[in-house]
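Here is a report on two chains and how they meet. Read it with the structure open beside you.

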Amino acid sequence: MAIIKNTIMKNHKNIIAAIALITVIAGCKKYEQFPVDKVGIDYIFDKKDSAGVNAQKYLYGIYSVLKNGHNRVGTDYLDAASDDAISSASSPTNVVTVLSTASYNSYSLPADENLWGTYYGGIRQANEFVNNIEVVPVLAKYKGYSIKYLWKSEARFLRAMFYFELLKRYGGVPLMGNKVLTIADDVNIPRNSFDDCVKYIVSECDAIKDSLLTAPFTLPESDANADSHRPTKGSALALKARVLLYAASPLFNGGNIDPTNNLTGYTDFNAARWAAAAAAAKDVIDLNVYSLVPNYKNVFLDQNNPEILFMRQGGNNNSVETNNGPVGFTAATGKGQTSPTQELVNSFPMANGLAISDPAANYNENDPYANRDPRLSYNIIYNGAQWLNSSIQTFEGGQSKPNSALQQTKSGYYLRKFMGNFETTNTYSSHNTDWLILRYADILLAYAEATNESAGPTNDVYTTLGKIRQRAGIDGGGNGLYGLKAGMTKEEMRAAIQNERRIELAFEESRYWDIRRWKIAETVMNQPRTGVSIVKLGSTLNYNPINILTTRFVAPKMYLYPVPYDEVQKNPNMKQNPGW
Amino acid sequence: MRKIILFFQIIITLLPVALYAQNRAVTGKVRDISGVLPGVSVVEKGVPTNGVTTDVNGRFSLTLKGSTNKLVVRFIGFATQEVTVTDDKPLDVILQTSTNGLDEVSVIAYGTKKRITNTGAVSSISASDIRTVPTANVQNALTGKLPGFFSQQGSGQPGKDASDFYIRGVSSLNPAGNQPLIIVDDIEYSYDQLQQINVNEIENISILKDASTTAVYGIKGANGVLVVTTRRGKGGAPKVNVRVEAGTQQPTKTPKFLNSYDAAVLINEAQMNDGIQQSFTQQDLDAFKNGNDPYGHPDVNWYDKIFKKQSYQTNANLDISGGTNALKYFVSGGALNQNGLVKDFADPQSLVNTNYYFKRYNFRSNLDLKANKTLDLRLDITTRFSDLNQPYNQNAVGEVYNFTKTTPFTAPYLNPNGTYSYAYSNFNPEHLPTLNARLATGGYQRSRRTDFNFLFGATQKLDALTDGLSVTGRIAYSSIEQFTKQIFNGGIPAYHYDPVTNSYALRPGATYVYSTYALTGNTDLNSNNYNLQVYANYDRTFKNAHHFSGLLLFNQTANTAYAAPLLAGSLVGVPQKFRGVSGKLGYDYKQKYLLDFNVAYNGTDRFAADHRFGIFPAVSIGYNLVKEEFFSEALPMFSLFKIRGSYGLVGSDAAPGNRYVYNQVYNQGSPYSFGQTPNPYNSITEGSLGNANVVWERSKKLDIGLDMNLFNDKLSLTVDYFHDIRYNQLITPGSVPLVLGVDLPAVNIGKTRNQGFDGQISYHGKAGNLQFNTGLVFSYAKNKILFRDEATPAYPWLAQTGYPIGQQYGYHSLGFYTAQDVTAINTYMAGNGNSNVGNKNIAVPDNGIPIQPGDLKYQDLNGDGIINVFDKRAIGNPNLPNTILGLSLQAIYKGFSVSVLLQGSFNYSFAVVGTGIEPFQSQFQPIHQERWTPNNSVNAAFPRLGLNPTSVNSPTAYFSDFWLVNAYYVRLKTIDIGYQLPNKLLPFKINNARLYLSAYNLFTFDNYKKYQQDPEISTNTAGDAYINQRVVNIGIQLGL
């Protein structure tokens, strides 16, 4: 023992030094013990945040769930999966081609339209906001109350919008209320009926409409530069009108694909639903805040026009042109992604308002684009149209249809809509590429449609359609009917309205859903898509119709999307839509 | 430490030399292929007491006393050799490395184990075996050398050519969860730190494979451990080693592309198949064939124009070691320079080097200081600097494959007036300036990296307390910084020359003059790591029978990687913390019965406070039958016959995604804009839910092994069987409905099994002056997913459970549609509403593209007449081989030595997609000439040509076993032929000189013709990686 002690004494310096070193290093243990750079929900909804900075950021996260429809689906417009257009890149993995050729099932619905999880994510975030915003002591006021109540109404508006997006795709879906589920909760939630979902969306719109902002924005209540394009009372009423219009439509009202299934629609027909839809649209019109802007093209370029009810701002760029512009211009590249069909081109009337099939319309098959409804040239670039300081060549072998391996139009037409006014420039420049979700023309058309269905082709219907056609640039005609036939039957008027919607709202994600809710998809989508092959011989152009894609629609199952396969497998209470 | 004790023991026993017999004096020198060996024991055969050890220059002198005329030369790490003394000339003894002797040690966690008493699964090699392999990365030289080591080298780009490697294959579904732990001098290194190490600094490399050897690493041990020890000074006068080598690099495969004529013919055929107008007229084809219009109808082999036949690399190393009793040192420096394969496009406009290259400079100083009798200090300092250069924004290799960027007929190499041209063809819609133009003037991207490592340690012997006890403390620090700068030039004037009008047209959008270079840069890597270890070691033998050893370790690490954080823009990092206590307890009775117990109690801050720490125990036993009399009498040829087994639990703390899985975090989302003038507002979105109960993955590992040595250790065999169950794997559950509305966290639910065997057989012998050594290393590991939380698949063949990790899924090819098939389909569809649904005989894809003869036909698994995702099934094997063999042969004859490693990988699959193979995406390759045509319908090796990039014939759209190659390869992986100059030729002061020729990837035999790619390519890629290199190298090594 003594020896040991002695040895230790001899080495004590070393040992003490070593022990000291170890102690110093091991003692430094009060280091960051938790992920200090990560934030949790307490930081978002902070009890001390009197400006609500992070809560607002969270609200903007909910806004971000809204979709920007420009080349959204794959790299195409959703309407390229309708009878209005096809994708120039048609191929098996191309999303719109998958959709328009019925090449999907519950397992393989392409991601960009398989939005079940996306919108439930948005709904969850909205619920989280609605449940937690109370704790944030926001001082700023709107209409005498803390502005957080305005934010809360915005979150509820967005939530209602997400439910509508689900409803039109799937029919009735599970309504979550304000619940925010955790992994420990019972997540096997059944679907609510279609009726419940409509009622819920409508009741939410009604509940929030008066606590939202009101347009036009004026200080001190709201600041145009900060608040433009937030949802307003008009937005809420327009969403309500749209939901009611869908709910009154044949697919859900009387034409339920599974007549006794309350998930896929109403189990009865009730004409009062059309009346309710008309009344809801009238409420928007009666706000007297919104109007049609004189220039159709500017609706999509001018961010602050009175036609916009709700939109998602896009960037300031020329992405629409680079994606969809005609090929063949090296200084202004375009990928020609969208090939509008001959069917869409044919649905534009003549400038006198008469359909091209009307013998009185003076339609010339050998000069098919002359004297047409000006909206044709606003929506579509055709052979001979003025664009980029030149006359577009989509004849075979022409500059914009060179027939190389390069992606180019398949139909002989390019998209024009949403683009800047580049008719007389050599290059593209940036402009706003906003996505209009609700616009006044749509409300007018909804009003006309619902009124015609509930009350017949009244004068009101004629004048409403007339406003749209007047703004489009159609001749009023001696009778002020803008080419509409006088004394139409309800059915004739229905056809006129359906055509008007098609051409007015082309590529705005309207047609794709309209042919479903009208239950005409099985007719129009089971015909071949056609385009034009223009052969230039000398200075003569020969226009030959060509088939460009065989689209397919399997009725009735395709009127609604399949609930994602996994959802049904995972949740024993989840009912699949019929046929899937 | 035990080496030194042993060494003294030998000396002590040898000191009283018996004085009898012939008294013949022998002198000589002992070397291995890398230099002289001090401290080697040289003993006269039959007179065990007559022996000496070699001095610092490897020299010895001895007076023979017996009558055998033979010396036994024995040294740890080398095969024992008997040398016959024939005449009076000095002997020149060259030893072969070996890790199979009874007393050979393997480096394991915090210590070493002898082969005779080892109970765990360890394989090791001496780094001198791989030092002359001409590769920059140590892990590239280990495949086929170490049983249980699996690797794949996905790229040959200088500086990015390190192999991915796994120990005993993979067993985690979590992609981050399969990387082995890397330990260098007991300090954890990252993957990319390992590849920076110069092999010249390494002494020994071991891999630890079973639970008993990895349990002390506890939470980090489940993927096996690669242990590297660096060289240290052995004392004596300064010993200088210089190694200088230079070599050439060539791709292992040089791709061939069709010329303009052949490509144009195929393009016309594809256009005819698709019913569109053909791009090339007969005049065009004639012009391509004649080559008499080089500007109007160019025919450029871009591969030959862009790439050199070979590029050079050099490697120089210098190390000095030596010292006194009080201070021993090893100091080394190295410089490596690898050039790239791209030609040097010197352009007067820009004198920047845009080629690929890699330069690395290593420096190491390892010092051992004896402060006093009982206190040893060590100080290791290493730094590494490297420069990695590559062309800015162009993958030169990928581009020569890419049909849409350049084609043989699109542009001449240069215009007649010397200006650059651009891709003029409509097949090249970007109309890019030619690749040589962009490489010459486009600029470069250069990453400059600095690694720094520091280790300070102190060992205090505490024999005063009790014999055999010591305490060691260590502090280690390492840091990495990498700065990348880009210098680039957007505007390149390029012209299209029209020979008919003799005119030049500027590329649309281009400028007439070069724009000035722009320069950007950023720090892309900045991390540091602190490590503290304190451990007590105990090693003592009682009564010459009971041997105890023990270790008690405290270990703490903080690792900070600077990365973009959540809600801020600058680079910051929060350190990751790791802390644990580990212990080892070993006992053996006369080396006969062996028992080892290992345990770790450790944790990381990745997990919630109450789930941080876990216990990882392992036990192993061994039974040395050869120590039993009945055995040694019955089978005297055995010098070792040991059975051993281990079982234990180890963990892995790698978690996918969010580092703190237990915590729900909120992430910065995309901004959303309001306002009359767009006003972006930042947003926050909810991240995945937290999993408060998250813990490490666990692995139950069983290993049963057999070690045998026969015929005086000449033949040795080690074989291990292993069976691992990896459970509690962190994967994202697939069975929770999306109505939850938020992503789920990783949950401890996955389970896999991994089993197999590995081992090696080696034999070394001598025939006259010829020494030879041959060994076979084999590794087999097969895993199977036992549970992954997937929703019930629509059809059983879509399930992933039950298949290996990384199983590939796709369609099963039935060959090509025939004209009869197409007729049958059309008939059926005509009678069935233009739909093929329900056609039991022939199915068609549901893509709306009509089938033509020569299209690929796939099996309709669910029999609905339609080919869609429901018809995919498991095809082929995973991309990682499950069997690896290495056959090494080594022979030494006098000063000549040859060593060869043949390495083979088996049972894996890969496919190339996109620019690597698909027509109109890839340049036309010889395989495309073997396409299906009506006249070549039987022997077609490729489907009919068409322009549609996503038809049924595309491996991108329809991944199938037509494209997937079930591959194997056998490689002459490394070869080393050397000549050691005889002593008498060595000039003054040089004690060793060796000339050698070495090679890496010299020859490859594989089993596929479809792809012009190296067999180690990653599956489902475009095949545009820098092709692996074959290196042939000459060098000289000098010892002073």
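Between them, chain A and chain B bury about 6800 Å², and 63% of this is on carbon and sulfur atoms. Buried area is the accessible area (1.4 Å probe) that two parts lose on being put together, summed over both. The size of an interface is often given in this way, as accessible area lost when the parts come together.

The model is predicted: local features need pLDDT of at least 70, side-chain atom pairs count only at pLDDT 80 or more, and totals for chains, interfaces and linings use all residues. Residues are numbered from 1 along each chain as its sequence is written, chains are lettered from A and ligands numbered from 1 in the order in which they are written, and side-chain values use heavy atoms, with hydrogens and water left out.

**The interface**

Chain A puts 82 residues into the contact, and chain B puts in 77 residues. Contact here means heavy atoms within 4.5 Å. How many salt bridges does the rule find across the interface of chain A and chain B? It finds one. A salt bridge is a side-chain nitrogen of Lys or Arg within 4 Å of a carboxyl oxygen of Asp or Glu. The partners are Arg124(A) and Glu686(B), at 3.0 Å from N to O.

Several elements of chain A give two or more residues to the side that touches chain B, among them helix H1 (2-10), helix H6 (116-132) and strand E4 (308-312). Helices (H or I, at least four residues) and strands (E, at least two) are DSSP runs, numbered from the N terminus. H6(A) gives the most, with seven residues. This side of chain A divides into 37 nonpolar, 33 polar and 12 charged residues. Ala, Val, Leu, Ile, Met, Phe, Trp, Tyr, Cys and Pro count as nonpolar, Asp, Glu, Lys and Arg as charged, and the others, Gly among them, as polar.

**Sheets in chain B**

Four strands of chain B form an open sheet in the order E4-E3-E6-E7, with antiparallel pairing. Two strands pair if DSSP finds at least two bridges between them. Strand E4 (51-53) and strand E7 (81-84) of chain B each have a single partner strand, so one side of each is left without a neighbour in the sheet.

Another open sheet of chain B has five strands, in the order E11-E16-E17-E14-E15, with mixed pairing. Its edge strands are E11 (122-126) and E15 (187-189) of chain B.

Here are some strand pairs of chain B.

| Strands | Sense | Bridges | A bridge pair |
|---|---|---|---|
| E3(B) and E6(B) | antiparallel | four | Glu44(B) and Leu71(B) |
| E24(B) and E27(B) | antiparallel | 20 | Ile487(B) and Leu519(B) |
| E27(B) and E28(B) | antiparallel | 16 | Thr541(B) and His547(B) |

E27(B) and E28(B) form a hairpin with three residues between them. In the turn, Lys543(B) has a positive phi of about 55 degrees.

**Backbone details in chain A**

Which residues does a cis peptide bond join? They are Ala555(A) and Pro556(A), with omega about 0 degrees. Pro556(A) lies in the loop between strand E14 (540-550) and H20 of chain A.

Asn362(A) has a positive phi, near 65 degrees, and is not a glycine. Asn362(A) sits in the loop between helix H13 (342-347) and helix H14 (374-379) of chain A.
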